Amino acid sequence: MPEIDASSEISRLRLEIAEIDGEIVRLAAERMRCAEKIGEFKRSLGLDVTVPAVEEAVKARYAALAESVGLSDECASKLAEILIAEAKRVQMEGK
């Protein structure tokens, strides 16, 4: 592949990644809005924010989804951990 073609393809792919990143961030924000609502219910009912069984179910869901699309277990685990930690923070503190 000529250098100029490779360069333009790299640029195109970087733009595609930027668009995907925007969607990931938008979806993460949507997820946190749901987590915040859950936190409001939990506080009103006097429930604990941390529910180990739910956390394990989320991790298992991420592992299964990752496997189905060819994403590494390590990446799936890190994503799940980050999102769980942020959801717990949002549920405890609000936005």
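## Cysteines and model basis

At 45% relative accessibility, Cys34 is classed as partly exposed, a class lying between buried (under 20% relative accessible area) and exposed (over 50%), with a 1.4 Å probe and protein chains only. Cys75, at 29% relative accessibility, also counts as partly exposed. The structure contains zero disulfides, a disulfide being a pair of cysteine sulfur atoms within 2.5 Å.

This is a predicted model, in which local features need pLDDT of at least 70, side-chain atom pairs count only at pLDDT 80 or more, and totals for chains, interfaces and linings use all residues. Residues are numbered from 1 along each chain as its sequence is written, and side-chain values use heavy atoms, with hydrogens and water left out.

## Confidence

The predictor's confidence in each residue is given as pLDDT, from 0 to 100. The protein chain has an average pLDDT of 94, and 96% of the residues score at least 70. Confidence is lowest in helix α1 (residues 3–45), with a mean of 95, and highest in helix α2 (residues 52–69), at 97.

## Fold and dimensions

The protein chain has three helices and zero strands; helices (H or I, at least four residues) and strands (E, at least two) are DSSP runs, numbered from the N terminus. The order of elements from the N terminus is α-α-α.

The radius of gyration of the protein chain is 18 Å, whereas a compact globule of 95 residues would have one near 12 Å. This radius is taken over C-alpha atoms, and the globule rule is 2.2 Å times the number of residues to the power 0.38. Along its principal axes, the C-alpha trace spans about 65 × 25 × 15 Å. Of the 95 residues, 19% count as buried.

## The nonpolar core

The largest nonpolar core has 11 residues, among them Met32, Val58, Tyr62 and Leu83. Such a core is a set of buried Ala, Val, Leu, Ile, Met, Phe, Trp, Tyr and Cys residues joined through side-chain atoms within 4.5 Å. Helices α1, α2 and α3 each supply at least two residues of this core, and α3 gives the most, with six.

Leaving aside residues up to four places away in sequence, Tyr62 touches Arg31, Ala76, Leu79, Ala80 and Leu83, where contact means heavy atoms within 4.5 Å.

## Ser77

Ser77 lies in helix α3 (residues 73–93). Ser77 is partly exposed, with a relative accessible area of 33%. The C-alpha atoms of Ser77 and Ile4 are 38 Å apart, and the two residues are separated by 73 residues along the chain.
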